[in-house]
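Me: Got a fold to go through with you. Can you walk me through the packing?

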Amino acid sequence: MSTPPINQEEIDKAVDVLSHGGLVAIPTETVYGLAADADCQEAVLATYTAKGRPADHPLIVHVAGPEAIDAWAEDVPPEAWLLVKTYWPGPLTIVLRKKARCGGWVTGGQDTVALRCPSHPWTRALLTAFAGPTHKGLTAPSANTFGRISPSTAQHVAEDLGIKPDGKLDMILDGGPCEFGLESTMVNLSQGQPTLLRHGVVTREMLENTLGFAVPDAGKDAPRASGRLKSHYAPKTKLELVSADDLARRIDELRGTPIAVMASESTLKTLTADTVLSITAPNDVRRYGAELYENLHRLDAADAGRILIETPPTAPAWAAINDRLGRAAA
Ligand code: TXA
Ligand code: MG
């Protein structure tokens, strides 16, 4: 899985479309995003319509670099600068108190703004060209229909949201498959003690090492985030997480129902019943994460009556994966 060389012509076209209020799917190192000019209310609201996302769910503003922070946020604590210095560009989103410049159409009416500087070279080039002297940014929720599996390839976006006139987008910028495949880690820095809003490839342990103190999960009074909904990232087919020990028994109980399964190589070897699709789960956490949404898309397309996934390891490095699978199964 590698990123193709930058296609400047495509990037110039994307800048032009976005500058005229259009919608462009953009590649990032996490998942594909559905980008719009964050200063343009009409364009941003069109992304909500395209996704079918409730209007009170806030969006992340993607920026070209740390120099854009002061254009969008205020009361920025020193911890924010330290995290940005360490992890930007990269899969970390920080939530700060917003400046007046940042419209309520971006934040779902909340007084905070989520900022992220992606590392994918195509989108870095796009953001740098787009930003201009006022540090313009791009809102970009994951480029999927609300509640569904996030897209880690341009093809996922084409199949789900599609291109106008039949689909909903003006352009899909195909920058290859996403490197990490899991949405960015989100840290709330708007309320004193930094808290973790969403697990990702930047782990709690990494954040705590950088900051030198504990970063607990955000509590119930945390800002709204759809990635925190109990059911999210869901395939259309019902999905169950089953331990390795219980998998054979569960398949037996579901006899008559076509099953699509994802399990480790050693567990798959122990299964005797027929399945419509069986995917070998990667042992390596990075690969498991990078391929997770692609694998969920494949399992969902297998016309099974049930998807069974072997519960992955519970070590801290697997937190983001367990989080997404838990919501996909809810
Ligand atoms: O990796 C990512 O972050 C991807 C790529 C495209 O950058 N984007 C992404 O966006 O995952 P989205 O909209 O699918 O998820 C962003 C999450 C949502 O759950 C949203 O509610 C939350 O971030 N969020 C956005 N602004 C927020 C804010 N001001 N306070 C709290 N949560 C916020
Ligand atoms: Mg999403």
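This is a predicted model: local features need pLDDT of at least 70, side-chain atom pairs count only at pLDDT 80 or more; totals for chains, interfaces and linings use all residues.

Me: Start with T112. Which strand is it in?

Reply: T112 sits in strand β6, residues 112-116.

Me: Is T112 buried or exposed?

Reply: Buried. T112 has a relative accessible area of 11%, and the cut-off for buried is under 20%, so it qualifies.

Me: What is T112 in contact with, leaving aside neighbours within four places in sequence?

Reply: V95, L96, R97, K98, T107 and S190.

Me: Now the largest nonpolar core. How many residues, and which have the most contacts inside it?

Reply: That core has 29 residues, and I94 and L115 have the most contacts inside it. The elements giving two or more residues are α3 (69-72), α4 (78-87), β5 (92-98), β6 and α8 (204-211). α4 gives the most, with four residues.

Me: And what does L115 touch, beyond four places in sequence?

Reply: Its contacts include I60, V61, V63, I69, W72 and I94. There is also a second, separate core of 23 residues, with V31, L182, L296 and I309 among them.

Me: Switching to α2. Which residues are buried there?

Reply: In α2 (residues 41-51), A43, V44, T47, Y48, A50 and K51 are buried. They fall within an arc of 165° seen down the axis, so they line one face of the helix.

Me: What's on the face turned away?

Reply: Exposed residues E42 and T49.

Me: What does the buried side pack against?

Reply: The buried residues of α2 pack against β2 (33-37), α5 (104-107) and β7 (138-139). Just after α2, G52 takes a positive phi of about 70°.

Notes
Residues are numbered from 1 along each chain as its sequence is written. Chains are lettered from A and ligands numbered from 1 in the order in which they are written. Side-chain values use heavy atoms; hydrogens and water are left out. Buried means under 20% relative accessible area, exposed over 50%, partly exposed in between (1.4 Å probe, protein chains only). Contact means heavy atoms within 4.5 Å. A nonpolar core is a set of buried Ala, Val, Leu, Ile, Met, Phe, Trp, Tyr and Cys residues joined through side-chain atoms within 4.5 Å. The arc is that of the directions from the helix axis to the C-beta atoms.
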